Amino acid sequence: MIILFGVFIRYNEESSPFWIEHRKANNISSDIENDFYFRYPSFQDVHVMIFVGFGFLMTFLKRYSFGGVGFNFLIAAFGLQWALLMQGWFHSLDYSDGKIKIGVENLINADFCVAGCLIAYGAVLGKVSPVQLMVLTLFGITLFAVEEYIILNLIHARDAGGSMVIHTFGGYYGLSISWMLYRPNLSQSNRLQGSVYHSDVFAMIGTLFLWMFWPSFNSAITDHGDGQHRAAINTYLALASTVLTTVAISSLFQKHGKLDMVHIQNSTLAGGVAVGTAAEFMLMPYGSLIVGFCCGIISTLGYIYITPFMEKHLKIQDTCGIHNLHAMPGVIGGVVGAITAAAASEAVYGHEGLINTFDFEDAFKNMTPTRQGGHQAAGLCVAICFGVGGGIIVGCILRLPIWGDPADDNCFDDEPYWEITEMAH
Amino acid sequence: MIILFGVFIRYNEESSPFWIEHRKANNISSDIENDFYFRYPSFQDVHVMIFVGFGFLMTFLKRYSFGGVGFNFLIAAFGLQWALLMQGWFHSLDYSDGKIKIGVENLINADFCVAGCLIAYGAVLGKVSPVQLMVLTLFGITLFAVEEYIILNLIHARDAGGSMVIHTFGGYYGLSISWMLYRPNLSQSNRLQGSVYHSDVFAMIGTLFLWMFWPSFNSAITDHGDGQHRAAINTYLALASTVLTTVAISSLFQKHGKLDMVHIQNSTLAGGVAVGTAAEFMLMPYGSLIVGFCCGIISTLGYIYITPFMEKHLKIQDTCGIHNLHAMPGVIGGVVGAITAAAASEAVYGHEGLINTFDFEDAFKNMTPTRQGGHQAAGLCVAICFGVGGGIIVGCILRLPIWGDPADDNCFDDEPYWEITEMAH
Amino acid sequence: MIILFGVFIRYNEESSPFWIEHRKANNISSDIENDFYFRYPSFQDVHVMIFVGFGFLMTFLKRYSFGGVGFNFLIAAFGLQWALLMQGWFHSLDYSDGKIKIGVENLINADFCVAGCLIAYGAVLGKVSPVQLMVLTLFGITLFAVEEYIILNLIHARDAGGSMVIHTFGGYYGLSISWMLYRPNLSQSNRLQGSVYHSDVFAMIGTLFLWMFWPSFNSAITDHGDGQHRAAINTYLALASTVLTTVAISSLFQKHGKLDMVHIQNSTLAGGVAVGTAAEFMLMPYGSLIVGFCCGIISTLGYIYITPFMEKHLKIQDTCGIHNLHAMPGVIGGVVGAITAAAASEAVYGHEGLINTFDFEDAFKNMTPTRQGGHQAAGLCVAICFGVGGGIIVGCILRLPIWGDPADDNCFDDEPYWEITEMAH
């Protein structure tokens, strides 16, 4: 890794002092125009989501909290280095000298790339060894970089919050792997596959940091100015709306009208996923509310009906229910994005606004919104194909008996991989 | 809600691509001048305070952690949507087309509005049903929007950190409701009205995030530039000073000189409340320290003497002690604000600075600092009246036997409203 | 404290409305150029590290969580007020009127100053009384301000992330105090000197917030623009690399290849310490990875071999292992900084870039990179001397039998200083 970085990675113009005179000559009058000040606060929020958000969301199991937060930490730290290289080769390679020039936007993209693999981790949580996770991440990042290049650069779909690129891909990648690694005797670990009171409170830390910072996630790499502003507003509204429907549905469909912590921890976030692609478009505030409203319903019902169905009939054991939190809402997000793009017009966006928002420039300056909608739909298909296909291949690799995976009655237990002190006081 | 948003809410000029040409024509040369970059980091800090800060502060009860953080999540997410509408009608309505134009400042104000209701939740924590909380929030937000309009727009008081508008109102609103909902037999739940070791550590998460981000809270909607800068410094100093006096008083007045976690969790925050109104004025660093010093004493003594007195003699059961953390410091903050405003002079603020800071423009261009002080005091009275009056009315409504409130021996227990798994390992 | 603030502390030009006309005359055209917008997001991240990061990192002991997070809160709040005064006298004194003019950069520096004392607290965690901690902090801040003045202003070493000024000083200061306060019978508290399952998860909150926000720590006071940008990138990479080596070493050197939570909680942060000085230089991305790689190895091996050795043979009882997390990586950071500075050239930095980065101006305009390297090394020596010397003196003072320190069998127990409710449900 060090050698690869030594050969390929350099600072970009905005993070190197070498370009000071150059910047002056280009009339970039002030340091505040540095991309750092546009994106760094959002980057830090995304960073918190990756490490605290995903990490603590996975501490809900009574005996797998170390593994949830600890392995999340490990694979995220590994993944972001690999992602800087892989994404760099596809997106930031400077052909004049063969170097990748990195800045804060690359760090954000690396975090995004890692998010895809952490989603996949959610499906296999507690059932794989750390070595398997490293393999899952290594291939996941690679597939992600290729898929992202195809969707964003070749197909020219827009996907600011990654509904398609991150969530749909990551969701189906994880589900396919979980399907390949099906354990028929997993019920031997049933005693450990649940939460205790305080582990559920820890998981709420993860939920809330994900929920609060999701507007930063969806706006982190959108256009400067109104683009970031609008993406944050849309996400904020969609998430608020999802919370209400999740609580309502959870209470309606449980016996005695009680709320289930699993739904509160997970389904409340589905709106942020589903608004990812369209957040930078003129979705309008009520549009965001509608998306959030629908996702709250679908995601909560998913936990109640679809996850048990998948485990029983489709042989897919989905520990964290990523199908309800990432895969389904991601697909909805892709569809919403395609519709919103196809419905765009100069009357709503203004002439320059339309070009700016959809990046109708250079090779794509003859694109129309309608055609853009088609490209969005094509992007969604690519994400699903890469997720399912990649997951099956990587799942085959992970079935090799050389990775030290835990026995069926050792699943969801920290004991095989961590030095454990006493459990209670 | 979706329909109301569809009819009324639109993006404002800074969050819509439609205005790009317009901005260029107005010489707003750079995207970095977008209000988003002035306010978004503060917005995210406030967001964390609302959801993690208030949420985890209320997890201290041994068996009501789910309710503390979960219902906080629910009513905050509901409240902010309603607040965008209510505040929009009063503050951001564009009369030319009858639409509310929203941007990041509206999101911050919605979070502020929600804070008032979450404060009130603190007084009734563990004693009401989720439906009652929704009703409390619905009316609370409405009252808040009216009260805010009267204080800020009609009376022209300044209240950047909301000592009056948020804390005084929210505090007395909650206390009045708690008074109306007095439960004479609450001692039946005594076994549950306390903390355990780890629930106190969870509550410290809430305390610390509130404490750290309070400078952002008080500076979030102050004037760009020096206004935000100064508000952050004043709040930082007041809070630091409060911590020291809280620890000193807690140790002095407890037997054996031991510290009480309740004081550390709550009273340390009183300085931030009390400096809210005056934070944007030239309070001077030593002024902030004095305010923090006094509030630490008053708030801690409040927990030791006033809360038990109120419960015994005034029939006000105040679960989180919001009288000591919000109501009293809020009133102090209003008084400090009035004094600081009345003492303002061009010698300290400069000519333009005085006009900018107090917004002596348009209809108010003949205001003097002395008169502004009077207006501040009037604003404080309005906040108290709305809090007490509104609380009594809403309390009456909540006494109707249709809301499914818990029985006396079920208070402070998650069991009636949540699916509970096992409690220990 | 209030009196000292009243006499000395005032707002600076960027936080006072008095200077509005002055700013206009100087062509500072926009409020966004206010230093507040360059530094406030980083300040808040640093603030989170100090209070939540350090605080929760020290909650890992099974019965000392209140003390870990509570006393951390107390001494940090006390320390930052004292630091504003002490650093103000040395750095921000305006000689024309004898006042200290404060702005957001002073707040960051005060937080940095406090970090030095919190590091020292890590060495004596659980073995001292709150009064002793106040004394430790009072002298620690004073020594820090003098040492910082010598290193940064007199010697003209650069130390953006404080590898030398903060970590080396704080580490040796704490170790020397711990050596002076050696308790031969500490084994009487052995039953309490360990973690339980959930206290380790709490500690991970501290670890992750320190880890995530370290890029903000190292870039908070570097030059506007590319300086902050580059420091953040370097720190991000070094930390990512440290995580991988820590996990690898922890697994290799433990029996059965299991991971140890102590290493994950602490050693993963060593890379951020070691890259502190050089983060703003052109360390290059692969250089950051190398630094992180080495530190992960050294720090983890330190926990396995050096800490037990120090306790047994050197009579230094280091509760949190600050020698492995701060002292050693700090020294490495100082050395890396000296080498990187000595290797600087105009070919890499550009002409203006070199002058800007190393501040070769005024009295130092004839400095060369090679000589700067020597100055860096001199700075490192000063930091070590101040740490060891100051620690021995303060340790002597703390041995006086007037501070109420706990008995040997009461160490690592919250009971002597806190009102404790029941421990389990």
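Mentor: A network of salt bridges links A:Arg183, A:Asp405 and A:Asp408; a salt bridge here is a side-chain nitrogen of Lys or Arg within 4 Å of a carboxyl oxygen of Asp or Glu. The model is a predicted one, in which local features need pLDDT of at least 70 and side-chain atom pairs count only at pLDDT 80 or more, while totals for chains, interfaces and linings use all residues. Residues are numbered from 1 along each chain as its sequence is written, chains are lettered from A and ligands numbered from 1 in the order in which they are written, and side-chain values use heavy atoms, with hydrogens and water left out.

Over all chains the structure holds 21 salt bridges. One of them joins A:Arg158 to A:Glu280, with the closest N and O atoms 3.2 Å apart. Because A:Arg158 lies in the loop between α6 (130-154) and α7 (163-180) of chain A, and A:Glu280 in the loop between α11 (270-274) and α12 (285-313) of that chain, the pair ties together parts that are 122 residues apart in sequence. Helices here are DSSP runs of H or I with at least four residues, strands are runs of E with at least two, and both are numbered from the N terminus. A:Arg158 and A:Glu280 are both buried, a term for under 20% relative accessible area, with exposed meaning over 50% and partly exposed in between (1.4 Å probe, protein chains only).

In chain C, C:Arg39 and C:Glu105 form a salt bridge whose closest N and O atoms are 3.7 Å apart. C:Arg39 belongs to helix α3 (residues 35-57) and C:Glu105 to helix α5 (residues 104-124) of chain C, so this pair ties together parts 66 residues apart in sequence. C:Arg39 is buried, at a relative accessible area of 5%, whereas C:Glu105 is partly exposed at 31%. A further salt bridge, at 3.6 Å from N to O, is made by the side chains of C:Arg63 and C:Asp413. This pair links distant parts of the chain, 350 residues apart: C:Arg63 is in the loop between α3 and α4 (65-92), and C:Asp413 in the segment after α16 (369-399) of chain C. C:Arg63 counts as partly exposed at 21% relative accessibility, and C:Asp413 as buried at 8%.

The interfaces also contain such pairs. Between chain A and chain C, 71 residues of chain A are in contact with 71 residues of chain C, contact meaning heavy atoms within 4.5 Å. The rule finds 1 salt bridge across this interface: C:Lys258 pairs with A:Glu415, the closest N and O atoms being 2.9 Å apart. Among the elements giving two or more residues to the side of chain A that touches chain C are α3 (35-57), α4 (65-92) and α5 (104-124) of chain A. The area buried between chain A and chain C is about 6100 Å², 72% of it from carbon and sulfur atoms; buried area is the accessible area (1.4 Å probe) that two parts lose on being put together, summed over both.

The count between chain B and chain C is 1 salt bridge, formed by B:Lys258 and C:Glu415 with closest N and O atoms 2.9 Å apart.
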